[in-house]
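Please look at the sequence and the structure before going on to the notes.

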Amino acid sequence: MAAPLKTFGRKVLCGYCHVLHKGLLCRIVASSPSSLVSGSRGYSAGSEEKSTHFGFETVPEGQKAERVYKVFENVAQKYDVMNDAMSMGIHRLWKDTLLHIMNPQPGIRLLDTAGGTGDISFRFLDYVQSQRDRQRRRAARTNQTVSWQQIAANYTSSDTGPGESRAVVCDINKEMLKVGKQRAEQQGYNTGLSWVVGDAEELPFDDNQFDVYTIAFGIRNVTHIEQALQEALRVLKPGGRFMCLEFSRVSNPLLSRFYDAYSFQLIPVLGEVIAGDWKSYQYLVESIRRFPDQETFKGMIEDAGFFRVQYFNLTGGVVAIHSGFKL
């Protein structure tokens, strides 16, 4: 009796295991194609749709560029007025310092990325013109025997060929470029200047085209800073110079507390009063705090392939100028 019962129990247990195994196998086979593929796609989609910061807010990478575009589209008409109000005019000195450190000579070709309303390019053209005039005066002094007619002819002759300097303003935002073009016409910048719609992460230029690449108060708005730095390296000629003017970190604790209070409590209010846009200037303040400090950004520039990278703090580190060379 025990033997038949034992045999019967073994058959029942084996049958149950067979059914269980078959059921599991059927479920796996039936669900594997769709579930594994969809799981793989879900993981891939998740990995592709990475997150980044928009001020203090975390957003999908695909949204940042669109939202930044909207910010500058909204503020374009009041951009220069707000720069004066927010910095009490000091931004003009920061930009002048950038040009003095650059010290461009006649014949230089500049790419002014995120150039917006043209401030850097206008200064560049003025500086190069002053250098050209200085060279003419020096040449006149060293050629005292030259007739006045020849000296006058040298002053009135137009510079062409290798001696001609050019600035290309490249910005992704059409509204900012529109304002820049209007300013250029009003201020008489009719030659040596061109305007191009383009993304700092994918510049619409061939390799080795420019002597100097500048980006002023723009790189912190880029989604992939490393990619923008790689593009800067690509379009520069060997020996070309990268220069970035950007908000940075204040080292002095007392100044830092004052700067934070001013930034968060007053700048958005100025944005609302002058430009009718609180949120855009709240983003501005927050984006400054999310940007890497001086040493970290210096390392990023070096990692991109630039050499002799250094930085200069202005106004106690409120802004910094970073410089590097393509060898």
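This is a predicted model: local features need pLDDT of at least 70, side-chain atom pairs count only at pLDDT 80 or more; totals for chains, interfaces and linings use all residues.

Residues are numbered from 1 along each chain as its sequence is written, and side-chain values use heavy atoms, with hydrogens and water left out.

**The whole chain**

- The chain has 12 helices and nine strands; helices (H or I, at least four residues) and strands (E, at least two) are DSSP runs, numbered from the N terminus.
- Of its 327 residues, 42% count as buried, where buried means under 20% relative accessible area, exposed means over 50%, and partly exposed lies in between (1.4 Å probe, protein chains only).
- The accessible surface of the chain is about 17900 Å², and 57% of that belongs to carbon and sulfur atoms. Accessible areas come from the Shrake-Rupley method with a 1.4 Å probe, and for residues only the protein chains shown count as cover.
- Among contacts in the chain with a separation of 6 or more, 74% are between residues 24 or more positions apart; contact means heavy atoms within 4.5 Å.

**Helix α9**

- Helix α9 covers residues 253-265, and its 13 residues should span 18 Å at 1.5 Å a residue. The expected span is 1.5 Å times one less than the number of residues. The end C-alpha atoms of α9 are 18 Å apart, which agrees.
- Which residues of α9 are buried? They are Y259, Y262 and S263. These residues cover an arc of only 95 degrees around the axis, so they are on the same side of α9; the arc is that of the directions from the helix axis to the C-beta atoms.
- On the other side of α9, the residues P253, L254, R257 and Q265 are exposed.
- The cover over the buried residues of α9 includes α3 (79-87), β7 (236-247), α10 (267-275) and α11.

**Salt bridges**

- Side chains of opposite charge can pair when their charged atoms come close. A salt bridge here is a side-chain nitrogen of Lys or Arg within 4 Å of a carboxyl oxygen of Asp or Glu, and the count comes to 14 salt bridges.
- D96 and R123 form a salt bridge at 2.8 Å, N to O. D96 lies in helix α4 (residues 90-102) and R123 in helix α5 (residues 119-142), so the pair ties together parts that are 27 residues apart in sequence.
- D96 is partly exposed at 33% relative accessible area, whereas R123 is buried at 16%.
- E231 and R234 form a salt bridge in which the closest N and O atoms are 2.9 Å apart. Both residues lie in helix α8 (residues 225-235), three residues apart, which is about one turn of the helix.
- R234 is partly exposed at 23% relative accessibility, and E231 is buried at 9%.
- Salt bridges that share partners join D80, K95, D96, D119, R123 and R183 into one network.

**A nonpolar surface patch**

- L266, V269, V273 and W278 form a nonpolar patch on the surface, with about 360 Å² of accessible area together. Patches are made of residues with over 30% relative accessible area and no salt bridge; like charges are joined within 9 Å, and nonpolar side chains (Val, Leu, Ile, Met, Phe, Trp, Tyr) within 5 Å.
- W278 is in helix α11 (residues 278-290), and it is partly exposed at 41% relative accessible area.
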